[in-house]
Amino acid sequence: MPETDSDHTLTPAVPAKPPVNRHLCPSCGTLAQFDFCGIQSFPARVSLRSGLPHSLRLYTCTHCGSTISDRDLNMRPSA
């Protein structure tokens, strides 16, 4: 069952996008693989106020377990 609260919803992991190849992790500084782990959706009012898109794909670093959005991952260099 998805986690929810008044500000966001985290849907269960669905293979909507293949694993991302190696990227530099902002948490551990390792060049690691990031695996797709789910989609986080925001209500329209939150998206408008924060400037975030309605939903973000989330990926997990296979080295340290940190989670990062596709928006932030795409801004980082890949190998």
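This is a predicted model: local features need pLDDT of at least 70, side-chain atom pairs count only at pLDDT 80 or more; totals for chains, interfaces and linings use all residues.
Let's start with a term: a disulfide is a pair of cysteine sulfur atoms within 2.5 Å. By that rule, this structure has 0 disulfides.

Residues are numbered from 1 along each chain as its sequence is written, and side-chain values use heavy atoms, with hydrogens and water left out.

Now for the overall layout. The protein chain has 2 helices and 6 strands (DSSP runs numbered from the N terminus: H or I of at least four residues for helices, E of at least two for strands).

Of the chain's 79 residues, 25% are buried, meaning under 20% relative accessible area with a 1.4 Å probe, protein chains only; exposed is over 50%, and partly exposed lies in between. Cys25 is buried at 3%, while Cys37 is partly exposed at 28%.

Cys25 also belongs to the largest nonpolar core, a group of 8 residues that includes Phe34, Cys61 and Leu73. Such a core is a set of buried Ala, Val, Leu, Ile, Met, Phe, Trp, Tyr and Cys residues joined through side-chain atoms within 4.5 Å. Strand β4 gives the most to this core, with 3 residues. Leaving aside residues up to four places away in sequence, Cys25 touches Thr30, Phe34, Cys61, Cys64 and Ser66, where contact means heavy atoms within 4.5 Å.
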